[in-house]
Number of protein chains: 2
Amino acid sequence: MNTIESFLESKKVRPTAMRLLVYKYMTQSNVAKTLGDIENAFAKADRTTLYRTVKTFEEKGIVHQVDDGTGTIKYALCEAGCNCDIDRDLHLHFRCNNCRETTCLTEHKIPQINLPDGYIAEDMNLVIKGICEHCSG
Amino acid sequence: MNTIESFLESKKVRPTAMRLLVYKYMTQSNVAKTLGDIENAFAKADRTTLYRTVKTFEEKGIVHQVDDGTGTIKYALCEAGCNCDIDRDLHLHFRCNNCRETTCLTEHKIPQINLPDGYIAEDMNLVIKGICEHCSG
DNA sequence: TTAATAAATGCACTTCCGTTGCATGACTAC
DNA sequence: GTAGTCATGCAACGGAAGTGCATTTATTAA
């Protein structure tokens, strides 16, 4: 039995051909992808199908959205310890100004922030822009 | 001599009627505004004019963009110590999940973050979502 | 004061992206 | 095998950012 197939089933997502392909695609790099990226990778498939595939993945906790400030939503695979669904995933994201790619720095958590009185934090997003490991080398 | 007028001139922005109005509008609350907000406030004015007005303000360091994760760009006045143009303004932004408004917490700077080897930070953006002062009271 | 120049404004239009409605096709359960 | 659920594909919509060009307004130079 295929591992991806059983993984999707464990997440209560029917492992259709399209979903297997998209999931596999997302595992091939640790870089967050836009819907456009995915469309380009599967030119034959319909935009809407890919859109809904990713939305399904999101609902089932397989991927999470990444907002890196480019204005277009990106998606990245959830890691083992990714608690997106519970109390949000507080790792940070890095966007490279050179190669334009966004990576999840999963092991780097957002530090504690002191807010002014009356403000209650529920979620946060930290994006750092600069030069990535690959481009600075 | 009008203070707003001379302020705009000091920023090398010609103080036209439209620009004075938009600037004044932005000073009336400390909440970041979308282009749509501004359009609604000045229904008679043309979209493009407002768009370019705000862009001009941005270029001249009068306002800065705020990306609060809603997908639509917002703008807020730069404060006296706002170094958007030099090495980026590292204050944080708070978006209220109740009233949907985004405020600049200018006095709250983003703490130092340790990045993995090879990563060079040039800019960062931290958005905290939750309940604001006004809505939690 | 007027002519020449530059800047600001307004209109029309385009593009990009996310999203939805609806019809068809595939799979599952009984 | 049939009914029903879920997945897919096509078409279209809507919001927001952005551009080209013509027109108006302001600034400067003669």
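In the predicted model, three strands of chain A form an open sheet in the order 1-3-2, with antiparallel pairing. The edges of this sheet are strand 1 (33-34) and strand 2 (63-66) of chain A, each of which pairs on one side only. Strand 1 of chain A is joined by 2 bridges to strand 3 (residues 74-77) of chain A, and these strands run antiparallel. Within this pairing, A:Lys33 has A:Tyr75 of strand 3 as its bridge partner.

The sheet belongs to a chain whose secondary structure comprises 5 helices and 6 strands. Read from the N terminus, the elements of chain A follow the order α-α-β-α-α-β-β-β-β-β-α. The C-alpha trace of chain A extends over about 50 × 35 × 25 Å along its principal axes. Over all chains, 6 salt bridges are found in the whole structure.

The two chains were next compared as copies. Two copies of a chain are related by a rotation about an axis and a shift along it.

The contact between the copies involves 33 residues of chain B and 33 residues of chain A. Of the interface residues of chain B, 100% are also interface residues in chain A, so the copies meet through the same surface. The size of an interface is often given as the accessible area lost when the parts come together. For chain B and chain A, the area buried between them is about 2700 Å², and 61% of it lies on carbon and sulfur atoms. Across this interface, 0 salt bridges are found, whereas 14 residue pairs, both members at pLDDT 80 or more, are in polar contact.

On the side of chain B that touches chain A, the elements giving two or more residues are strand 4 (91-96), strand 5 (102-109), strand 6 (120-131) and helix 5 (133-136) of chain B. Strand 6 of chain B gives the most, with 12 residues. By residue type, the side of chain B that touches chain A consists of 17 nonpolar, 9 polar and 7 charged residues.

Strand 6 also takes part in pairing between the chains. Strand 6 (residues 120-131) of chain A and strand 6 of chain B run antiparallel and are joined by 11 bridges. Among the residues paired in this way, A:Gly130 has B:Ala121 as its bridge partner in strand 6 of chain B, and A:Val127 is partnered there by B:Asn125. Within chain B, strand 6 also pairs with strand 4, in the parallel sense and over 4 bridges. In that pairing, the bridge partner of B:Phe94 is B:Ile128 of strand 6 of chain B. Strand 6 of chain B is thus bridged to strand 4 of chain B as well as to strand 6 of chain A.

Methods:
Residues are numbered from 1 along each chain as its sequence is written. Chains are lettered from A and ligands numbered from 1 in the order in which they are written. This is a predicted model: local features need pLDDT of at least 70, side-chain atom pairs count only at pLDDT 80 or more; totals for chains, interfaces and linings use all residues. Side-chain values use heavy atoms; hydrogens and water are left out. Contact means heavy atoms within 4.5 Å. Buried area is the accessible area (1.4 Å probe) that two parts lose on being put together, summed over both. A salt bridge is a side-chain nitrogen of Lys or Arg within 4 Å of a carboxyl oxygen of Asp or Glu. A polar contact is a pair of N or O atoms within 3.5 Å; within protein, one must be able to donate a hydrogen and the other to accept it, and residues adjacent in sequence count only if both atoms are side-chain atoms. Ala, Val, Leu, Ile, Met, Phe, Trp, Tyr, Cys and Pro count as nonpolar, Asp, Glu, Lys and Arg as charged, and the others, Gly among them, as polar.
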